[in-house]
Amino acid sequence: MSSVGTYNITFNDTSGLITVSVFSHISSPPKEHWIDEEILVGDDDMLAIGGGGKTTDQSPYRALLTASYPNNDLSGWVVSSKDHEYPHPHELITHVIGIKIKGMSRQQLLDSMYVSTAASGVASHPEGETGVPSDNFILVGGGFRVDWHGAGNLGIASFPITEFSWKACSKDHGISDPSNLQVFATCIKKNIAVGTVTVAITKADSNQTPHPEAVALVKPGFALVGGGAEVHWNELGNFLWKLEPSTSQAQSFSAASKDVIYPDPSIITAYALGIRIDE
């Protein structure tokens, strides 16, 4: 299902050429599985460059993320979630980050973008990696989508493993469900019509806990374009339930995960990506 996002906040880089805005939507009423919920940028002049989502907390359980990725034409972001083993109807909050650059039309910006994809192949603990198509491009974000069919295969990582590539991982939990994992890397040309694009990747680690959460701040002078997370699980698994760009004054990206049914205190690393134009 597609929905136009509600505007939250706008950020700029130090050049004043980049404008990014965060839009959000709440999918309701609660249900156990949300499949490919698409949130569209609420500004016709913008492209979707990043996004995320989170499930609402209705104790004693929580639903987990199985997808967070850009749509085909960069007009929006797509998020999926599910409960696991025990019924947990939940709302799904989706976010999309829109971008426009002064001096470039929407089509010119779209022509400067590239999204690469890779598939893991079917596995109980699938993982995959993809990146920039050439040295002329730079990584500005990424995402993942688990193609699960049985009990479920849940997200545990979607993050920039280098300045040039994006990695994602998922796993089944308790009940076998080998699945295919699709990984996305969103890229932009380094040299565009109005200047040179620079990307800054920042990260932050949580403490080790059953329900870890971390917030990565965007480097000063840069505009938020996305983020991700990696869960450093130990035993049976600890799974993503939040990948969320900031909707307030501080530019940041937050991530959270939790163990489900079986205890597994873990550490989560949150990542934030920001861009700046140097004229």
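Tyr69 is buried, and so is Phe184. These two residues form a stacked aromatic pair in this predicted model. The chain around them has one helix and 21 strands. Its radius of gyration is 17 Å, close to the 19 Å from the globule rule for 279 residues, so the chain is as compact as a globular protein of that length.

**Aromatic pairing**

- Four aromatic pairs turn up in a search of the whole structure.
- One of them joins Tyr69 and Phe184, with 4.8 Å from centre to centre and 15 degrees between the planes.
- Planes under 30 degrees apart count as stacked, so the Tyr69 and Phe184 pair falls in that class.
- Tyr69 sits in strand S6 (residues 64-70) and Phe184 in strand S14 (residues 180-189), so the pair ties together parts 115 residues apart in sequence.

**Overall build**

- The C-alpha trace spans about 55 × 35 × 30 Å along its principal axes.
- Of the 279 residues in the chain, 57% are buried.
- Take the contacts with a separation of 6 or more: 76% of them join residues 24 or more positions apart.

**Surface and charge**

- The chain carries 17 positive and 30 negative side chains.
- The centres of the two charge sets lie 4 Å apart.

**Gly98, a buried strand residue**

- Gly98 belongs to strand S8 (residues 90-101).
- Its relative accessibility is 0%, so Gly98 counts as buried.
- Beyond its neighbours within four places in sequence, Gly98 is in contact with Thr19, Val20, Ser21, Phe23, Val41, Met46 and Leu47.
- Lys171 is 73 residues from Gly98 in sequence, and the two C-alpha atoms are 30 Å apart in space.

**Ser15, a partly exposed loop residue**

- Ser15 is placed in the loop between strand S2 (6-12) and S3.
- With 23% relative accessibility, Ser15 counts as partly exposed.
- Ser15 touches Ile277 and Glu279, leaving out residues up to four places away in sequence.
- Between Ser15 and Lys167 there are 30 Å in space, C-alpha to C-alpha, and the two are 152 residues apart in sequence.

**Backbone details to check**

- The peptide bond from Ser28 to Pro29 is cis, and its omega is near 5 degrees.
- Pro29 falls within strand S3 (residues 18-31).
- Leu74 has a positive phi, near 60 degrees, although Leu74 is not a glycine.
- Leu74 is in the loop between S6 and strand S7 (76-82).
- The relative accessible area of Leu74 is 4%, and this residue is buried.
- Ile261 also has a positive phi in a residue other than glycine, with a value near 70 degrees.
- Ile261 is in the loop between strand S20 (252-258) and strand S21 (267-278).
- Ile261 is partly exposed, and its relative accessible area is 35%.

How values were computed: Residues are numbered from 1 along each chain as its sequence is written. This is a predicted model: local features need pLDDT of at least 70, side-chain atom pairs count only at pLDDT 80 or more; totals for chains, interfaces and linings use all residues. Side-chain values use heavy atoms; hydrogens and water are left out. Helices (H or I, at least four residues) and strands (E, at least two) are DSSP runs, numbered from the N terminus. The radius of gyration is taken over C-alpha atoms; the globule rule is 2.2 Å times the number of residues to the power 0.38. Buried means under 20% relative accessible area, exposed over 50%, partly exposed in between (1.4 Å probe, protein chains only). Contact means heavy atoms within 4.5 Å. Lys and Arg count as positive and Asp and Glu as negative; His and the chain ends are not counted. The place of a charge is taken as NZ of Lys, CZ of Arg, CG of Asp or CD of Glu. Rings of Phe, Tyr and Trp (its six-membered ring) pair if their centres lie within 6.5 Å; planes under 30 degrees apart count as stacked, over 60 as edge-to-face and the rest as tilted.
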